[in-house]
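I open this notebook page to record what I looked up, residue by residue. The entries follow in the order in which I made them.

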Amino acid sequence: MKIDVYEERYGSTLVAMLVADDGSKRELVRSEIGNDDMLNRIDDMNLSHLTVTFHWAADKCKDVCRY
């Protein structure tokens, strides 16, 4: 298992998805405060032993999006 965190839009809500070994996903938690808050919430759920990967919206559209 692992946790993938996605930013909905640049500077927007973070959504953590719990990803099972078979690839299935379910939403775990949301945060509008930021990545530190997200990591604290994951730790509060006793899931900090899982790998957490952040996928930032800005990385998807560096040359296309205008902020």
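I began with strand β2 (residues 14-19), where I located A16. I note that the model is a predicted one.

Entry 1, A16. I looked up its accessibility and found 0%, so A16 counts as buried. I then listed its contacts beyond four places in sequence: I3, D4, V5, R26, E27, L28, V29 and M38. For I3, I recorded a C-alpha to C-alpha distance of 6.5 Å from A16, against a separation of 13 residues in sequence.

I placed D4 in strand β1 (residues 2-7). Its relative accessibility is 6%, under the 20% limit, and D4 is therefore buried. I found side-chain polar contacts of D4 with Y6, at 3.5 Å, and with H55, at 3.5 Å. Residues touching D4 from beyond four places away include V15, M17 and T53.

Entry 3, salt bridges. How many does a search of the whole structure find? I recorded three.

- I found K2 bridged to D4 at 3.9 Å, N to O; K2 is partly exposed at 36% relative accessibility, whereas D4 is buried at 6%.
- I found R30 bridged to E27 at 2.8 Å, N to O; R30 is partly exposed at 37%, and E27 is partly exposed at 39%.
- I found D37 bridged to R41 at 3.6 Å, N to O; both lie in helix α1 (residues 35-44), four residues apart, about one turn of the helix. R41 is partly exposed at 33%.

How values were computed: Residues numbered from 1 in each chain as written. Predicted model: local features only at pLDDT ≥ 70, side-chain atom pairs only at ≥ 80, totals over all residues. Heavy atoms only, no water. Helix = DSSP H or I, 4+ residues; strand = E, 2+ residues; numbered from the N terminus. Buried < 20%, exposed > 50% of the residue type's maximum accessible area, 1.4 Å probe, protein only. Polar contact = N/O pair within 3.5 Å; in protein donor to acceptor, adjacent residues only side chain to side chain. Contact = heavy atoms within 4.5 Å. Salt bridge = Lys/Arg side-chain N within 4 Å of Asp/Glu carboxyl O.
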